[in-house]
Amino acid sequence: MDEVERLGLNYSANKSSSLGLRGTIGYTPPEYGMGSELSIKGDVYSYGNLLLEMFIGKKPTDERFKEDLSLHNFFKIALPERVIEILDPILIQEKVKQGPLNGKILGDDKHFQCLNSIFKIGLTCSAELPSARMHMSDVVTKLSFIRDKLRPTRLRHEVCT
C-alpha cells in the first residue's frame with residue numbers, strides 16, 4: 001500500500017470527495033458548488049473566464065471582483081461602449097500610437113469590433129447556467145471567423161495555396 005492509499009486520498013476524478021471542490025477558484029463553475037457532476041460545460045465555463053482574463057490582465061479572484069461583481073459581470077457592464085476602459089493597457093498601445101481613441105473610432109474599428117465579439121464569446125462561455133454556455137465547437141468556429149476577419153487578405157491566400 002502506497003502513501004496515498006494509506007492516507008485515504010486515492011479517489012477517482014468522477015466521484016465526490018470530502019476534500020472540497022475540484023478546480024481552481026475563479027474558474028470552477030457555480031454548479032459544482034451545488035454538487036453537480038463534472039462536465040464539458042464546466043470546462044467551457046473555465047475557458048470563458050480564462051478568455052476574459054487574458055484581455056484585462058485580472059484574474060477572476062482579483063480583489064475588485066467581490067460580492068456581486070464577478071469577472072463575467074465586469075465585462076457585461078462594460079460592453080460594448082466602455083470596452084476601452086477595461087482592456088489591459090498593453091493591448092491598446094499600438095492603437096494609441098495611431099491616434100486618439102474615441103467612441104466613433106471604437107465603433108468603426110474592426111479590431112475593437114472583433115474584441116467585442118471575442119468578449120461576447122467569453123461572456124457566453126462563462127454564463128452561470130450550463131445550458132446557456134456555448135459548445136466548444138461553436139467557440140472554435142466563431143474565433144476562427146474573427147481571426148480570418150483580422151488576417152490580411154494576402155496572407156489568407158498564401159496560407160490556402
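At what angle do helix H7 and helix H8 pack, and how far apart are their axes? The legends below start there. This is a predicted model, in which local features need pLDDT of at least 70 and side-chain atom pairs count only at pLDDT 80 or more, while totals for chains, interfaces and linings use all residues. Residues are numbered from 1 along each chain as its sequence is written, and side-chain values use heavy atoms, with hydrogens and water left out.

**View 1. Helices H7 and H8 pack against each other.** H7 covers residues 110–125 and H8 covers residues 136–150; the angle between them is about 170 degrees, and their axes are 10 Å apart. (Axes are lines fitted to C-alpha atoms, for helices over the stretch in contact, and angles run from 0 to 180 degrees between N-to-C directions.) That makes H7 and H8 roughly antiparallel, a label for angles over 145 degrees, with under 35 counting as roughly parallel, 65 to 115 as roughly perpendicular and the rest as oblique. From H7 come Lys110, His111, Cys114, Ser117, Ile118, Ile121 and Cys125, and they meet Val139, Lys142, Leu143, Ile146, Lys149 and Leu150 of H8. By type, the residues of this H7–H8 contact split into 8 nonpolar, 2 polar and 3 charged. (Nonpolar takes in Ala, Val, Leu, Ile, Met, Phe, Trp, Tyr, Cys and Pro; charged is Asp, Glu, Lys and Arg; the others, Gly among them, are polar.) Contact here means heavy atoms within 4.5 Å.

**View 2. Leucine 150 sits in helix H8.** Leucine 150 is partly exposed, at a relative accessible area of 30%. (Buried is under 20%, exposed is over 50% and partly exposed is in between, with a 1.4 Å probe and protein chains only.) Setting aside residues up to four places away in sequence, leucine 150 touches Lys110, His111 and Cys114. Lysine 110 is 40 residues away from leucine 150 in sequence, yet their C-alpha atoms are 7.6 Å apart.

**View 3. Arginine 133 lies in the loop between H7 and H8.** Who are its neighbours? Beyond those within four places in sequence, arginine 133 is in contact with Pro29, Pro30, Glu31, Lys41, Gly42, Val44, Tyr45, Thr124, Cys125, Ala127 and Glu128.

**View 4. Helix H3 has buried residues on one face.** H3 runs over residues 71–78, and its buried residues are Leu71, His72, Phe74, Phe75 and Ala78. Looking down the axis of H3, these fall within an arc of 165 degrees, so they line one face of the helix. (The arc is that of the directions from the helix axis to the C-beta atoms.) Lys76 and Ile77, on the other side of H3, are exposed. The cover over the buried residues of H3 includes helix H2 (40–56), helix H4 (83–86) and H7.

**View 5. Glutamate 53 and lysine 58 touch each other.** Glutamate 53 belongs to helix H2 and is buried, with a relative accessible area of 13%. Not counting residues up to four places away in sequence, glutamate 53 touches Tyr27, Lys58, Lys59, Pro60 and Leu71. Lysine 58 is in the loop between H2 and H3, and at 27% relative accessibility it counts as partly exposed. Leaving out neighbours within four places, the contacts of lysine 58 are Glu53, Arg64, Phe65 and Leu71.

**View 6. Two loops, one on either side of H3, hold glycine 57 and proline 80.** Glycine 57 is in the loop between H2 and H3 and is partly exposed, at 48% relative accessibility. Glycine 57 and isoleucine 86 are 29 residues apart in sequence, with 9.3 Å from C-alpha to C-alpha. Proline 80 is in the loop between H3 and H4. A cis peptide bond joins leucine 79 to proline 80, with omega at about -15 degrees.

**View 7. The whole chain has 9 helices and 0 strands.** (Helices, H or I of at least four residues, and strands, E of at least two, are DSSP runs numbered from the N terminus.) Of the 161 residues in the chain, 30% are buried. Among contacts between residues at least 6 apart in sequence, 51% join residues at least 24 apart.
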